[in-house]
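Me: Please take a close look at the surroundings of the ligand in this model. I would like one connected account.

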Amino acid sequence: MKPQLILLGAPGSGKGTQAAKIVSEFGYNHLSTGDLLRAEILKGSELGNKVKEIIDAGNLVDDATVLELLKVNCDLSGHSYIFDGFPRNGEQAKALDNTVLGNSKAIAIYFKLDLEVLVERITNRRIAPTSGRIYNLLSNPPQVEGVCDESGEALIQRKDDNEETVRNRLNVFKETINPVLEYYRSKNCLVEIDATKSQDEVFSQISNIINN
Ligand code: AP5
Ligand code: MG
C-alpha cells in the first residue's frame, strides 16, 4: 500500500493542484480540510455558519471542529489518503497520529517557496466549484475566459482570495508552521520539495517520493 501523504505548505503553494495530479496518477483519496469546510458553508449547515466568518477572515478554525470533520470523512482501511491543509499546528499533528493514522506509514511533504510570490498566485486563482479544478489567470488560464475546460461551469474566486485576507493567511501560516515541521522532522518523515518550479516539475518531485 502507498504511504499516507501529508501535504504541508503555505496558502497558494500548490497543495490542491498537486493533490489532483496525485489522485489521477496514483489513485489516492484526497482529503482537504479547506474543501470540506467550504462545502459546509455552501450547504448552509450549522457547522458552515459557525466557521464562515473565521475562514473569510483567513484565520484558523478551532482544532476540535476540524479534527471531527477529518475523522468522519476518512476511513484508512485499505486506502491511501492525501491530507491537504491538515495539520496546521503542532496539536493537529499529534492528533492526526493519535486518532487517524496510528501506525500507518506516512510521509510529510513540505512545499517550500518564497512567500512573496504567493499573493499574486492566489489573487489570480479561479476555481470550478463543482469539478474542483483549479486555474490561474496568469500561469494556467482556462481555454475560454471564466469557464471550466472540463465541466463548462462558470469559474469563481474564493472569498478568502482577496489581497487583505491572503496577507493574513500568510501571517497565520508563518506563526504556526514551525512546530509542524519540527514534529515530522523529529519523526524522520519530512521531505522538502521546491515548490517554485512548474506544476509538472513539482509533480515529478512528488512522484519520485511516492515511488521510492
Ligand atoms: P485551505 O483551503 O487549506 O487553504 P490554504 O492552506 O490557504 O491553501 P490554498 O488552498 O489557498 O492553496 P494551495 O496550496 O491548495 O494552492 P493551489 O494548488 O490552489 O484552507 C482555507 C481555510 O480553511 C483556512 O484559512 C482556515 O480558515 C480553514 N482551515 C482549513 N484547514 C484547517 C485546519 N486544519 N485547521 C484550521 N483551519 C483550517 O494553487 C494556488 C494557485 O497557484 C492556483 O491558481 C494554481 O493554479 C497556481 N499554482 C499551483 N501550482 C503552481 C506552480 N507550480 N506554479 C505556478 N502557479 C501554480
Ligand atoms: Mg488548496
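Reply: In this predicted model, a backbone N or O atom of G16 lies 2.9 Å from an oxygen atom of ligand 1. T17 brings a polar side-chain atom to 2.6 Å from a ligand 1 oxygen. For R125, a polar side-chain atom lies 2.5 Å from an oxygen atom of ligand 1. The protein buries 96% of the 1000 Å² that ligand 1 exposes when taken alone (accessible areas by the Shrake-Rupley method, 1.4 Å probe).

The shell around ligand 1 has 33 residues, each with a heavy atom within 4 Å of the ligand. T17, N59, R125, Y135 and R169 are the closest. By type, the shell divides into ten nonpolar, 14 polar and nine charged residues. Here Ala, Val, Leu, Ile, Met, Phe, Trp, Tyr, Cys and Pro count as nonpolar, Asp, Glu, Lys and Arg as charged, and the others, Gly among them, as polar.

Helix 1 (15-26), helix 2 (33-43) and strand 6 (134-136) each give two or more residues to this shell. Helix 2 gives the most, with four. Helices (H or I, at least four residues) and strands (E, at least two) are DSSP runs, numbered from the N terminus.

Residues are numbered from 1 along each chain as its sequence is written, and chains are lettered from A and ligands numbered from 1 in the order written. Local features need pLDDT of at least 70, side-chain atom pairs count only at pLDDT 80 or more, totals for chains, interfaces and linings use all residues, and side-chain values use heavy atoms, with hydrogens and water left out.

Definitions and conventions:
Polar contact = N/O pair within 3.5 Å; in protein donor to acceptor, adjacent residues only side chain to side chain.
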